[in-house]
Amino acid sequence: MLRRVVQAALVATALVAASGIARAQGSLNLYCSVQVEWCQAAANAFQRETGIRVSVSQKGSGEVLAQIRAEAQNPRGDLWFGGTGDPHLQAAEENLSAEYRSAALDGLHDWAQKQARDSHYRTVGIYAGALGFGFNTELLARRNIAAPACWKDLLEPRFRNEIQMANPQSSGTAYVMIATIVQLMGEEQAFDYLKALHRNINAYPRQGTGPIKSVARGETGVSISFVHDAVTERLGGFPVGSAVPCEGSGYEVGSMSIIRGARNLRNAQRFYDWALTPAAQQLGAETKQFQTPSNRATPVPAEAPQMSQIRLIDYDFARYGASAERRRLIERWDREVNTLPR
Amino acid sequence: MRAAGLWSSLVALAAALLLPWYLTQDGIAAAPLAGLAWLADPDFGPAAGQVLAQGRWWLLPALLAPAAGLLAALLPIPRPARAALFLLTGGLGLGLLIAQGYAIGVQGWSTPWLEGLFGPMEDRQFGVGWGGALVPAALAVLLAAGLAGRGAFRGDAFTATVAVCIALAIAVFTAMPLVLLLGDAFRDAGGALAAGALFGRLADDRLWSLGCLAGAPRCGVVWNTALLGVLVGAGTTALGLAFALLVVRGRLRLGRPLRWLTVLPIVTPPFILGLGLILIFGRSGIVSLAASSLFGVELGRWIYGLPGVLLAQLFAFTPIAFLVLIGVVEGLSPTLEEASSTLRATPRDTFRTVTLPLLRPGLANAFLLGFVESMADFGNPIVLGGQFGVLATEIFFAVVGAQADAGRAATLSLVLLALALGAFFLQRRLTARKSYVSIGGKGDAGLAPPLPAGVRRLCLAVALPWAGLTVALYLLALSGGFVEIWGRDYTPTLRHMIKAFEISGGQLTGLAWNSVITTVTLAAISAPITAALGIVSAWLFSRARFAGRGALEFATMLTFAVPGTVIGVAYLRAFNLPPLELAGTGAIIVACFVFRNLPVGLRSGMAAMAQIDPSLDEASHTLGGGGADAFRRVVLPLLRPAIMAGLVYAFVRAMTTISAVIFLVTADTELATVFIVNRVINGDYGLAIAVAVVLIALMVVMLGLAQLLVGRRRIGRRAAVAPPIQPGGTVA
Amino acid sequence: MSRAAEVRFERVWKRFGAGNVAVRDVSFTVPAGTLCTLLGPSGCGKTTTLRMIAGLEYPSEGRVLIGGRDVSALPPAERDVSMVFQSYALFPHMTVLENVCYGLTVSRRPKREAMGAGRAALESVGLAGFEARLPSELSGGQQQRVAVARALVLEPSVLLFDEPLSNLDARLRRKMREEIRDLQQRLGVTVVYVTHDQAEALAISDKIIVMNQAVIAQEGTPRELYASPASAFVAGFVGEANRIPARLRRLDDVDAEVSIGEARLVLPHRGLPDGPAELALRPEAIALLGPADPAAMLEGAVSKAAYLGGVIEYTVATPLGEIFVVSSSAGSAPGAGDAVGLSFGRHGAALLPGSREAP
C-alpha cells in the first residue's frame with residue numbers, strides 16, 4: 001500500500017517539477033513594461049533571429065521593481081525592458097541592475113546616453129515620450145468645453161471633475177508629472193498648483209495608462225498622460241486628442257536594464273544590444289506604440305509626436321530619479337494634496 | 001508498520017543515491033555531463049555525490065538516516081525496539097536535514113553565529129530538488145511508521161503517514177508563510193524587529209479615519225472594508241434567500257435555469273463582471289447614454305467607488321449565498337411547518353414564526369460567507385473602486401506601489417486576517433450552537449407548504465429583475481469579446497479572438513496561448529492534488545484521533561479566511577530562498593492553488609464523511625484491512641460524488657484565481673487570469689473578454705463532463721448524497 | 001475452525017479525556033470456545049469493552065490478551081477477531097458477495113479462493129443465490145446474516161457481536177439469536193456478544209458479564225445470575241425482581257433464616273451479617289393465593305392487573321410495599337381490589353449482598 005502512496009507522490013512531484021523547470025538551455029526571462037503587443041513582437045523577433053527562447057512577463061514598472069526587489073537575493077528575471085526611466089534609475093541606485101556598456105551606445109540620442117551615464121551604465125534609454133494631455137474630443141464637444149493647451153488651463157472651473165491623473169503612489173507617469181511641475185514652477189508653487197488641480201480631478205487611477213484609457217472610453221474628459229499613449233488610443237479608433245502644455249513639459253525616458261545576478265547574462269546582453277538597433281526599435285511603431293526611439297538611425301514614425309517641436313524642460317533625471325527625493329515628493333503629495341476635500 | 005518503515009527507508013535511500021539533491025534550473029534532461037559523472041556534479045549530483053565528491057558533509061543525514069531505517073526494518077528485533085529506531089532515525093534525519101537547509105543558504109551560513117560556531121563556509125547551496133524533497137518526505141513516513149509502531153494512530157501506519165504528511169504540508173505551506181509574513185508587521189523600515197513598528201502602522205490615520213462622516217474625502221480603509229463587507233453580506237443573503245425560497249417553495253419551473261445562472265459567476269474570471277457594469281452603468285454606458293439623451297440627465301461617474309464595487313460583489317457572491325441557503329431551505333423539516341399549520345397558524349404566521357427562525361443559522365452562515373468573500377475580493381475593487389480603497393487593494397499597492405512597504409503590507413494583512421478570523425469564529429459560534437437542520441438523511445413524510453402570497457411576491461420582485469440584470473450583464477460583457485471596439489463600435493468581429501488564439505504556420509502565435517495553456521496545465525495538476533488532499537484530510541480529521549488534531553484542522557482552515565493577496569505575498573516571502581526555493585516555478589502556483597482551495601475540499605469532504613457510518617471503516621479494520629484498505633476500498637468509493645465535486649471546484653477555482661497568484665506568476669508561468677488583468681489595466685477589453693470567454697467555455701465543458709461522470713455511479717442506501725459545488729458553503 | 005482462543009482482560013481501564021472513565025479496572029476471562037455476553041444498560045462500558053477486544057479502541061491501562069497473546073497495542077487487522085456491527089456496516093457500494101469476500105480480498109487471498117469461501121459462508125447462513133444483490137436490496141434479517149457471513153469467512157478465533165439483533169423485530173430476533181447460538185456451537189468459536197436485552201443474554205450465553213457504570217457488576221452463568229444476583233442492580237437488570245426488606249439470622253456457614261414480616265425462609269446468607277437485609281423476589285416465583293389462605297406468607301390487595309395472554313401481571317399492595325407478581329392466566333383470576341395472599345419459597349428468592357450500597 002505504501003508503494004502506491006510513493007508512486008503517486010513520485011508522479012505528482014514529477015509533474016510539478018516538470019512544469020516548473022525551464023526547458024531549453026538557450027533562454028531569456030524578460031520582464032517587460034511596455035504594451036503587451038510590443039513585448040510579444042520584440043520577443044518573437046529576437047527569438048526568430050537568435051533561436052534563444054524568450055519568456056515574457058508583462059507587468060507595470062512598479063510591479064517589476066517590486067518583484068526584482070523581492071527576488072534580489074535570487075533573481076529570476078534576466079532583463080527588464082521598457083517602462084518609465086525612474087524605476088530603472090531606482091533599481092540602479094539600489095544595486096538591483098548590472099552595469100553593461102553596449103557597443104551601440106554611441107549611436108543613441110543624447111537623452112538616452114545621459115540616462116546611461118546617470119545610472120553608471122546600469123540602464124539605458126530605449127525610447128522617449130513627452131508628458132501632455134489627452135482628451136476625449138466628443139465628450140468635450142458634447143459638454144462645450146475647449147480642450148486644454150497649457151498647465152494653467154487645467155485649473156479652470158470648466159474642467160471641474162473632468163480630469164484624471166494617475167496616483168503617484170503607484171504610477172511612474174504621475175510622478176513624472178509632479179517632478180515636471182516642480183521643475184517648472186519650484187516646489188512650493190508646484191504644490192499650490194497640485195492642490196488647485198485636485199479640485200478638478202475625479203479620480204487618481206493606480207496605473208499610468210489608466211487615465212488615457214478612461215478618456216478613450218468617455219469615462220472622463222481629460223487626462224494627464226504621455227502623448228504617445230494618446231496617439232495609440234486615437235489609432236485604436238477612439239476620439240482622443242492630445243496636446244503638449246504650452247509652458248513646456250517633462251518627458252520620460254523609457255529604459256532597459258539587465259538584472260544583477262541574471263542567470264542568462266549572455267543572452268540578456270545579446271538582447272540588450274539587439275534592442276538598441278534600429279530594426280528592433282521599429283517594432284514599437286509596428287505595434288502602434290509611438291514613442292520616439294533612442295537610436296538616431298531609427299526612423300521616427302510619422303504619427304509619433306515630434307520631440308523636436310515640443311517644448312521640453314531640461315528634466316533632471318539624476319535628481320528626481322533618486323529614491324529619497326521621489327519618496328519625499330510623493331509623501332508630501334499624499335499628505336498635502338490627496339487628503340484635501342474636493 | 002514494518003513494511004512502511006522498509007519502503008520509506010528504501011525510497012529515501014534510493015532518492016539520496018540517485019535523484020539530484022538540488023533544484024536544477026534547466027531540468028534533469030539538461031544534465032551536461034555524459035555517463036555517470038553527473039552523480040558527482042555539484043549541481044546535478046544526488047546527496048551521495050554531494051557528500052562524497054563535493055565535501056558537503058552536512059548532507060550526510062540524507063544517507064545515514066535511510067540506511068539506519070533500513071537496518072532497523074531488516075533486523076530481527078522486537079516490535080517496540082523497531083518502532084523506537086524508526087522514530088529516532090526518521091525524526092533525527094528529518095530534523096537535521098531541515099536544520100542544514102536553513103543554516104546554509106545561497107551565501108554560505110545564514111547567520112553569523114553559525115559561522116562563529118563552525119568556521120567560515122566557502123560553499124553555498126540553492127533550493128532543494130527532487131532528491132532534497134523526496135528524502136525528507138520519505139523520512140517523515142519513516143517517522144510515522146515509528147509512531148504507529150508505538151501505538152499512536154491505532155497502530156496503523158497508513159493513518160500515521162497521512163497524519164504526519166498532512167501536518168508537515170500544512171506547516172510548510174500554510175503556517176510558515178503566514179507566520180513569516182505577519183512577522184514583517186513587527187519590523188521597522190530597516191528590517192529590525194521592533195514591537196512599536198506594528199502599533200505605529202496600526203495607528204495610521206489612513207486605516208481608521210472616520211473623516212468621511214465629517215465631510216473629509218475618504219474614510220479609513222478598514223471602515224471601507226468593513227462597511228462593504230456588511231453591505232455585501234446582507235445583500236447577498238437577502239438575494240440568495242429570495243432565490244432559494246422561490247426555487248424550493250415557489251412552485252415555479254425555474255429551478256434548473258436558476259441553478260445554471262448561479263453557476264455562471266463561479267466560472268467567471270475576475271474583472272468580467274466589473275467590465276460589464278462599466279459597460280452598462282459607466283459614464284458612457286448604455287444606461288447613462290440613454291438617461292442623457294432621453295432625460296438630459298448626466299449620471300456621471302457614480303459607478304466608480306462603493307456603489308460599483310458593491311454591485312459587482314453582489315453579482316459575484318449571491319450565488320454562494322444561494323447555494324448555502326438552498327441547502328438549508330431544502331433541509332427544513334416540513335413536519336414542523338405542518339405542525340404549525342395544524343395549530344391554527346396561517347401560512348404567513350407559520351412562515352414568520354417557524355420557517356424564518358429555522359433558517360436563522362443558515363442566514364448567519366450566508367451573511368458571514370458574503371462578508372468574508374467581500375473582504376478577500378481583489379478583482380472588483382481594483383476595477384471599480386476608484387478612490388474607494390479597501391484592504392485587499394491597499395495591500396496590493398503597498399507591495400507594488402511606488403513606495404514598496406512590506407511592513408505596511410504585513411500590517412494591513414494582519415488587520416484583514418483579524419477581521420476575517422473574527423467573522424469566522426462568530427460564524428462558528430453562531431452555527432455550531434444551534435443547527436436546526438438534520439443531515440441524517442432520514443425521510444420526512446411532510447409536504448413543504450407553499451410560500452405565503454406576500455412573501456412570494458416580494459421574492460419575485462427581488463429575484464426576477466436581478467436574474468434579468470445578471471443575464472443582461474453577461475450578454476453585454478461577453479459580447480465585448482466579439483465587437484470591434486467595446487463600448488463604441490459594435491461591428492461584430494473575431495479580431496480579438498484571432499489576436500488571442502491565432503495559429504500561424506503551425507505555431508501558436510496568439511497572445512493568450514501561453515497563459516491559457518499554462519493555466520489549464522497548472523489547474524489540471526493542482527485540482528487532483530487538492531481533491532486528494534482534501535479527501536484524505538477529511539478522512540483523517542473525522543476518523544482518526546490524535547493529539548493536535550484540532551490545531552491542525554484550524555491551521556488548514558487559515559487559508560480560507562486569509563485573502564488571496566495576503567497568501568500571494570506570504571508565499572513569495574516564504575519560498576523565494578533556499579531550501580524551499582519555489583518562487584518562479586509552477587510548483588509555487590500549484591502549491592498556492594492546493595492550499596488555498598484545500599479548506600473547501602476539506603469541509604465538503606467532512607460533510608460527506610459525516611454521512612458515512614464510522615462502523616463501515618471499523619468493519620474493514622476488523623476484517624483485516626489496514627487504514628489504507630478502509631480508505632481506498634470503503635471510503636473512496638462512497639465519497640466519489642464528493643471527490644468529483646471537489647475536483648471540479650478545485651479546477652474552477654484554480655482557473656479563476658487572481659489575487660493569490662498575481663505575485664507568483666513569472667514569464668514562464670503566466671496565468672490566464674493575470675493576462676486578463678493586465679489587458680484590462682491596459683484597456684484591451686476585447687482581448688481580455690475573448691480570453692475570458694474561452695476560459696468560461698472550458699470550465700462549463702468541465703462541469704458538464706463531471707455531471708456525466710457522477711451520474712453514472714452505483715451506490716446503495718447509505719450512500720453519501722452528492723453535495724452541490726459549494727464554495728465554502730459548509731465552511732465559514 | 002477449532003482455533004478458538006481465550007479472551008482475557010487484566011485490570012483494563014479506558015478513559016476518554018479527563019474524568020470520563022468508560023471502563024474502570026475491569027478483569028475477566030472468556031474461556032475458549034464459549035459464548036460470553038456483555039450485558040448492561042446503555043453507557044455502562046460494554047461496547048467500549050467489546051471494541052477494545054476488536055482493537056477499535058485501545059486500553060488506557062491494563063492488558064488485553066487473546067489466546068494468551070498480549071494484543072493491547074495491536075491494530076484490529078493483526079488480532080484475528082471479526083466483528084458484527086449493530087448497524088451491520090455492510091459496504092453499500094459492494095454486492096453481497098463482495099462484502100462477504102472483503103476480508104479475504106484485503107488479505108490478498110487469490111480471487112477464486114476468496115469467491116469460493118464467500119459462497120460457502122453465504123450458504124452457511126442460508127443466503128445462497130443472493131450474491132449479486134446490493135445490501136440495500138436485502139431485508140434486515142438478510143443483512144444481518146450477510147454481516148455474520150462476512151465475519152465468519154475469515155475463520156477468526158474470536159467473533160464479536162455488538163447488539164446484532166437490536167434492529168430486528170421481536171420474532172426475527174428470537175430466530176436469529178438461536179441461529180447465532182447454533183453457529184457458535186457448531187463452529188466451537190469464542191464469541192463475545194454485547195446486548196442490553198437480558199432475555200437474549202439469558203437465552204444464548206455460556207457466561208454473562210453484567211456491567212454497570214464502567215465496572216463489572218457480576219459475572220457468571222445465566223442460572224447463577226438469575227438465582228443469586230450479587231446486587232439489586234443485577235437482580236433488577238437480569239429478570240424482574242421485587243426488593244423486599246427482611247431480617248437475617250445466620251444458621252450455619254451457608255444458610256440463614258430470613259424473616260419477611262411474619263414469614264420465615266431459609267436461604268444462603270451469601271456472607272451477609274445478622275441484621276436487616278434486602279431480599280430479591282422474582283415475580284414469577286410468587287404464588288397468588290386466595291385471601292386468608294393458610295399458606296400465605298403475605299397479605300395484600302390487587303391494585304392493578306394486566307392481562308397479557310398467557311400470563312397476568314399483578315401489582316399487589318402489601319404492608320411491605322407494592323409487589324409485582326406474574327401468574328398464569330389459567331384458572332380463576334382475581335381482579336383489581338380483590339384481597340389476595342402471597343407465598344414464595346427458596347426458589348426465586350435471594351438475599352442481596354450488595355443491597356446496602358446499591359441505590
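Predicted model: local features only at pLDDT ≥ 70, side-chain atom pairs only at ≥ 80, totals over all residues.

Q: Which residues touch the most other members of the largest nonpolar core?
A: B:Val691 is one of them, along with B:Cys592, A:Leu79, C:Leu160 and C:Val192. That core has 443 residues. In soluble globular proteins, nonpolar side chains tend to be buried together.

Q: Staying in chain B, is helix H6 buried or exposed?
A: Buried. 20 of the 20 residues of H6(B) are buried, so the helix is largely enclosed by the rest of the structure.

Q: And what span should H6 of chain B have?
A: It covers residues 130-149, and at 1.5 Å a residue it should span 28 Å. The end C-alpha atoms of H6(B) are 28 Å apart, which agrees.

Q: What comes just after H6(B)?
A: B:Gly151, with a positive phi of about 100 degrees.

Q: New topic. How many residues of chain B are in contact with chain C?
A: 26, and they meet 26 residues of chain C. Helices H26 (614-622) and H27 (627-638) of chain B each supply at least two residues of that side. H26(B) gives the largest share, six residues.

Q: How does that side of chain B divide by residue type?
A: Eight nonpolar, nine polar and nine charged.

Q: Over to chain C. Which domains does the assignment give?
A: Domain 1 is 7-227 and domain 2 is 241-356. Their C-alpha centres lie 38 Å apart.

Q: Where is C:Leu265?
A: In strand E13 of chain C, residues 263-268. Leaving aside neighbours within four places in sequence, C:Leu265 is in contact with C:Val258, C:Ile260, C:Arg346 and C:Ala349.

Q: Why does C:Leu265 count as partly exposed?
A: Because C:Leu265 has 18 C-beta neighbours inside 10 Å. Buried would take 20 or more, exposed 12 or fewer.

Q: How far apart are C:Leu265 and C:Ala89?
A: 52 Å in space, C-alpha to C-alpha, and 176 residues in sequence.

Q: Last one. What pLDDT does chain A average?
A: 83, with 92% of the residues scoring at least 70. Over residues 1-25 of chain A, though, the pLDDT is below 50. That stretch has 42 contacts in the model beyond near neighbours in sequence.

Technical notes: Residues numbered from 1 in each chain as written. Chains lettered and ligands numbered in written order. Contact = placed C-beta atoms within 7 Å. Helix = DSSP H or I, 4+ residues; strand = E, 2+ residues; numbered from the N terminus. Nonpolar A, V, L, I, M, F, W, Y, C, P; charged D, E, K, R; others polar. pLDDT = per-residue confidence, 0-100. Core = buried A, V, L, I, M, F, W, Y, C linked by C-beta atoms within 7 Å. Domains from an automatic or database assignment. Expected span 1.5 Å × (residues − 1).
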